[in-house]
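Grab a pencil and open the structure viewer. Try each exercise yourself before you read its solution.

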Amino acid sequence: MATILDDISRTFSEYLLIPRRTRKGQQADQVDLSTPLSSIERLAAPKLKINTPVVSACMQSVSGTELSIALARQGGLGFIYCSQSIESQVDMIRLVKSHKAGFVQSDSNVRAQATLCEVIELMAQTGHSTVPVTDDGSSTGKLLGIITDKDFWEFEDDLSRTVGEHMTPYSEVIHGLEGVSLKEANQLLHKHKKDCLPIVDAGGHLVALVFKKDYVDHRRHPLEMLDESKRLCVGGAINTHDYKERVPALINAEVDALCFDSSDGFTDYQLEGIQWIRKKYGPDVVIGGGNVVSAEGFDFLVEDGGVDFIKVGIGGGSICITREQKGVGRGQASALLEVANRRDEYFAKTGRYIPICSDGGLANDTQIVIALAMGADFVMMGRYFAMTEESPTPKTSINGQMYKPYWGEGTIRAQNWQRYDDGAESKKMVFEEGVDAYVPLAGPLAEVLHTTLFKLKSTMVNVGSDSLAEFRERAVLTLVSEQSVVEGGTSNVFKFDNSSWGNTG
């Protein structure tokens with residue numbers, strides 16, 4: 001007969017944190033939210049660390065380029081979805097990676113013989129208002145000058161005239177020499193009151209550009225996730241069907257982390273994929289596996305596969321109906337607690353620390369906090385990010401309220417048969433494991449995430465913690481009854497709409 005577990009499948013909403021001593025001087029703005037994304041070998045530095053403990057779900061309606069860029073600037077990581085062609089996914093990853101802090105290779109260049117009409121078309125296509133002029137029109141040609149949208153009047157000047165007649169010639173261009181530091185380049189921009197500084201080699205060939213706006217962006221986003229070349233970091237989702245073609249393409253595009261996108265990662269198919277990647281690329285590639293909900297699943301992917309991080313959760317997503325359709329899954333709190341406990345046992349035995357990602361079951365900010373207290377190193381979210389301005393779906397007005405479409409990877413709309421394929425010959429979805437819905441527009445990602453992270457930091461101070469590792473160590477949780485949930489809300493009071501206060505007619 002079937003094995004019946006004694007424990008109850010519990011959710012995050014069934015727990016509360018008990019306050020611990022807050023030490024004198026502890027403040028929310030001093031809390032460190034950085035966390036490892038890759039495994040740590042015997043207390044060595046992780047291969048990849050994120051500055052904010054949130055990543056975006058590998059979903060069509062969530063992880064587009066704009067959201068991945070916005071999230072990286074806030075210290076998190078976006079995972080570009082794999083339910084698309086390899087070429088399309090590679091293009092999206094390269095677009096995120098093209099956002100580099102500091103020295104940028106110019107991708108908009110013209111010859112001096114080009115017409116103003118041609119340069120206007122180029123500016124419209126790229127959105128760039130500053131265009132280097134080189135002898136061959138390439139990004140590495142000999143720099144002849146710079147033309148900006150301030151050098152001509154589109155509706156007054158003769159657009160058949162050449163760029164050479166309107167550009168600022170090289171002799172008058174403030175520039176830096178190859179080898180100049182980013183700090184020195186920014187000082188030149190400041191000193192000469194310029195928005196763009198070309199960098200040239202000893203022969204006068206264009207090497208890179210440094211922009212004032214990039215300096216300003218970095219100052220405004222001190223936690224942004226950057227690689228060694230000062231480019232934004234981004235992750236890529238992979239599946240168990242075409243990884244032998246997809247993974248090499250993503251690595252060639254310089255993706256920072258890979259993650260298997262599967263509703264159930266406790267399979268030989270995923271294990272074979274992990275082992276193939278490890279054999280071909282070695283230990284340096286960051287690989288995430290899952291999803292699992294048990295210690296047994298953790299052991300399978302970590303001990304046999306050697307993944308860097310584990311995703312925990314089946315059926316807990318806001319639009320996931322796997323439990324309803326198949327009777328498979330587990331309450332997110334119960335799953336996370338068991339896997340986190342096994343992670344700690346594995347670390348004590350081997351000295352290898354495996355970060356855990358809690359994926360799904362997060363209905364609000366409080367539950368994000370509870371997940372991190374229970375042992376998650378970071379959380380993966382779909383609905384949360386689908387509600388932001390930067391998610392890839394269009395805004396829609398319904399009864400005067402703005403919404404965004406949001407659908408699961410297990411829906412007919414996603415056409416992601418690979419994620420739910422059972423090996424049958426028919427390459428189509430027989431039934432859905434997700435729903436197609438709408439979520440209310442919440443606002444820009446930076447604003448939404450700022451509120452969430454401040455709540456998290458404030459709670460960590462209540463528990464006397466300065467880091468996420470200390471938070472997990474010091475957290476004390478208690479189960480709550482139905483009545484204590486009621487007690488935790490407002491009661492015996494009348495609530496008014498504050499927006500009407502002060503209106504005297």
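**Exercise 1.** Find which residue of β17 stands opposite Val 292, then trace how the chain crosses from β16 to β17.

*Solution.* Start at Val 292: its opposite number is Val 312 in β17. Strands here are DSSP runs of E with at least two residues, helices are runs of H or I with at least four, and both are numbered from the N terminus. Next, look at the pairing, which takes at least two DSSP bridges between two strands: β16 (residues 287-292) and β17 (residues 309-312) are parallel, with four bridges. To get from β16 to β17, the chain passes through helix α8 (residues 295-305), and this β-α-β crossover is right-handed (with the strands pointing away from you, the path from the first strand over the helix to the second runs clockwise).

A word on the ground rules: this is a predicted model, where local features need pLDDT of at least 70 and side-chain atom pairs count only at pLDDT 80 or more, while totals for chains, interfaces and linings use all residues. Residues are numbered from 1 along each chain as its sequence is written, and side-chain values use heavy atoms, leaving out hydrogens and water.

**Exercise 2.** Why is β8 largely enclosed by the rest of the structure?

*Solution.* Count first: five of the five residues of β8 (residues 130-134) are buried, so the strand is largely enclosed. Then sort them by side: Thr 130, Pro 132 and Thr 134 on one, Val 131 and Val 133 on the other. Finally, check the partner: β8 and β9 (residues 143-148) run antiparallel, joined by five bridges, and Thr 130 stands opposite Thr 148.

**Exercise 3.** Is Thr 52 buried or exposed?

*Solution.* First locate Thr 52, in the loop between β4 (49-50) and β5 (54-56). Its relative accessibility is 0%, so Thr 52 counts as buried. Now look around: beyond neighbours within four places in sequence, Thr 52 has contacts (heavy atoms within 4.5 Å) including Leu 33, Leu 223 and Leu 449.

Terms used. Buried means under 20% relative accessible area, exposed over 50%, partly exposed in between (1.4 Å probe, protein chains only).
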